[in-house]
Amino acid sequence: MARRQSISLIQTFMLASALVLGTGGAALATTLCRTVERQALHDAETSVTEYVDGVVGPTVVSGSRLVLMPQTHIALRRAFTVRDDLINVKLWDRDQNLLYDHLATLAVGRSHGADGALATVLETGRAEAHRTTTQSREPGRLPTDTETVFEVYAPVFDADGQVIGAYEIYSDPARVDDVIRDGRREIWLVTGAVFLGLWLLLAVLVRGTSRTIKQQAASLARRSTELSDALGKERQARRLAEHARASLAERERYRDMVHDSPSAIVVHRRGEVLFVNPAGLHLLQCASAGEVLGGPVAALFERWDLTE
C-alpha cells in the first residue's frame, strides 16, 4: 500500500513538473518569438531603408532641398533590378507633397492626405515600419501576389542632419517572413529540447532520490524491527529475572519456614538423610547436623527410640 502511494506521489509530481516546465517553456518561446519578430522587422526596415537611401539619396538631395534628377530614375531602375523584393518607392517632401512614385508617375504632386505615419516620421526623424494590406495602401496597383506588404516610412536628411523629406517604401515581406518562421522554428525546437532535457534530468534525480528514500525507509524498517525484537527480548529477560528473583525469594521463605518450624522435619532421598531442621536435631539430641546427614533415614528412628 505504501509502495503504491509512493509511486502515485512520484507520478503526480512528475506530471505537475512537466506541466510547469511546459508552461514556462511555452511562455519563454513565445516571448523569444516576439523578440525575433520585432528584430527581424527592425532589420528589414534598416536594410531596405539604407539600401534605398544609398541608391537614391545622392541623386535627390541637393543642399537642404529634394530635387529630382535624371539619374534618379536610372538609380531606381537599377535598385529594383538588384533587389527583387522591392515593390514600390515614393519620395515625399517636407510639406508631404509627392515628388516621385515609381509605379504611378501621374500621381506626382498630390498631397499625402490624412495618414499620420508620414507626418510622424517627418516630425521625429525616426523610421516606422509595419505590415499592411495591398488593398488598403495601393489598391490594384502593387504587382504582388501577396495580400500584405512591408511598408516603411524613412526620413531623408540633408548634409546638416535636418529632415527634408521621407521615403515611402513597399517591399515583399517574404524574406522577413522566412526569417521570422525560421527563427520561430529554431526557438521552439531549442526551447523544447532544453526543457525536455531539464524534465528528463529532473526525472532521473527524482528516481534516484526516490530509490535512496526507499532504501533508507527499508533500512529504518529493519532497524525498527531489530530494535523492537531487542526490546522484546529485554522485556522477556527482565520478566525472567523478576520471576527468578521471586522464585528465589519464595525458596528463601520456605527454607526459613522449614528451618524455624517447631516440628521436626527430615528430608531424605532414597533413604539417605539430606536435611534435618533444628527442631529435628533437638528431638534426636544431635549436637550438629553432621551426625545424621548422609546416613540412613532408618537410623533416625532407632536414635529417636533410644532418646525415648
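This briefing covers selected local features of the structure above. The model is predicted.

- V190 sits in helix α5, which spans residues 174–260.
- V190 counts as partly exposed because its relative accessibility is 47%, and that class lies between the buried limit of 20% and the exposed limit of 50%.

- S17 belongs to helix α1, which runs over residues 2–60.
- Its relative accessibility is 8%, so S17 counts as buried; the cut-off for buried is under 20%.
- Leaving aside residues up to four places away in sequence, S17 touches W199 and L202.

**Helix α3 and its cover**
- Helix α3 takes in residues 116–124.
- Buried residues in α3 are A117, L118, V121 and L122.
- These residues lie on the same side of α3, because they cover an arc of only 130° around the axis.
- Strands contribute to the cover over the buried residues of α3, including β3 (86–93) and β5 (128–133).
- β6 (148–157) and β7 (163–171) are also part of that cover.

Definitions and conventions. Residues numbered from 1 in each chain as written. Predicted model: local features only at pLDDT ≥ 70, side-chain atom pairs only at ≥ 80, totals over all residues. Heavy atoms only, no water. Helix = DSSP H or I, 4+ residues; strand = E, 2+ residues; numbered from the N terminus. Buried < 20%, exposed > 50% of the residue type's maximum accessible area, 1.4 Å probe, protein only. Contact = heavy atoms within 4.5 Å. Arc of directions from axis to C-beta.
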